[in-house]
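Keep the viewer open as you read.

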Amino acid sequence: MFKVVKKVQLAPETFSLDILAPRVAKSALPGQFVILIADKYAERVPLTISDYNLEEGTVQVVIQAIGPSTQKLAKVEEGEEIESFVGPLGRPSDFTSEDPASLKEKKVLFVGGGLGAAPVYPQAKWFHAHGYSCDVIIGGKSKDYIILEDKMREVADQVYPCTDDGSYGFHGMVTDCLKDLVQKGNHYDHVVAIGPMIMMKFVCLLTKELNIPTTVSLNPIMVDGTGMCGACRCTVGGKTRFACVHGPEFDGHQVDFDEAMKRQRQYADVEKGKGCALGKEASRD
Ligand SMILES: Cc1cc2nc3c(=O)[nH]c(=O)nc-3n(C[C@H](O)[C@H](O)[C@H](O)COP(=O)(O)OP(=O)(O)OC[C@H]3O[C@@H](n4cnc5c(N)ncnc54)[C@H](O)[C@@H]3O)c2cc1C
Ligand code: FES
């Protein structure tokens, strides 16, 4: 069992949980994820690591309660325990093993759309800890949905919040903000975009035009998270890749987003409870 030592509400239906898991905290790196199971009736839920603390032995995840399993996890309170917490899974971000001299020369822009700000944070924190510079765009549909801005300002050179409705920061989507920054003369050698598939697709279309190499973090349906079931397969550069073991980060200009989005929606009806035993089990309290 794994104890939740801290819970904070970040946005509507969005919570961060700091979970006591010293062995995971010890080996976690930016880009990796964990699989949680709330209780013995619950499904496996893959969640990106949004922070980790070696001294305290905690790993932080940010959960958006959108369906039965994430709603169940969002109801877990400080001091309570969850059934299972497995990780770190997936490959760490490529930059963690890049030549420090070449990384020092680069200006990287992180783009976190909605919940995507959560996986961006440990990456920006890693850059700061290693003396590299980066800027961050955090997007949300309105001010209430901009998360982790204060933490991001502690580790990034510049932070650009932007909202679809203009209620805070730049008025527009993350792609509009990115285009605006480049038009104003900012130079970026690499973009890392994390968020909904549709957002990553449009960031990649833009950065292809702008000729900026772009990394994305895919979040397809996952089951085992260890390369055994094939549920998370996606096409990258014309080849089949399993996001859980070959990713979750890939060259965004090589990803077949239309196929990935179609696959992500393939069980949507079943998940809504239309006659699936697993769906019923997962919604049990
Ligand atoms: C590598 C990775 C990292 C992720 N990081 C986060 C995160 O940091 N925070 C967060 O809130 N969510 C994250 N997700 C998505 C999260 O796993 C799903 O929202 C969750 O599994 C939905 O389950 P549900 O029962 O609450 O909703 P459901 O109603 O069952 O599903 C809602 C939608 O979530 C997706 N989904 C459902 N089951 C899975 C599954 N087993 N694997 C992946 N997607 C699924 C589908 O697109 C589905 O349409 C991540 C997914 C992956 C693969
Ligand atoms: S989740 Fe099973 S192979 Fe990736």
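Helices (H or I, at least four residues) and strands (E, at least two) are DSSP runs, numbered from the N terminus. This is a predicted model, where local features need pLDDT of at least 70, side-chain atom pairs count only at pLDDT 80 or more, and totals for chains, interfaces and linings use all residues. Residues are numbered from 1 along each chain as its sequence is written, chains are lettered from A and ligands numbered from 1 in the order in which they are written, and side-chain values use heavy atoms, with hydrogens and water left out.

After α6 comes Gly-185, with a positive phi near 100°.

Now turn to ligand 1. It has 22 residues around it (a heavy atom within 4 Å), and Pro-46, Val-62, Gln-64, Thr-70 and Met-222 come nearest. Look for the backbone N or O atom of Met-222 that lies 2.7 Å from a nitrogen atom of ligand 1. An oxygen atom of ligand 1 is 3.2 Å from a polar backbone atom of Gly-67, and a backbone N or O atom of Ser-69 lies 3.0 Å from an oxygen atom of the ligand.

Conventions:
A polar contact is a pair of N or O atoms within 3.5 Å; within protein, one must be able to donate a hydrogen and the other to accept it, and residues adjacent in sequence count only if both atoms are side-chain atoms.
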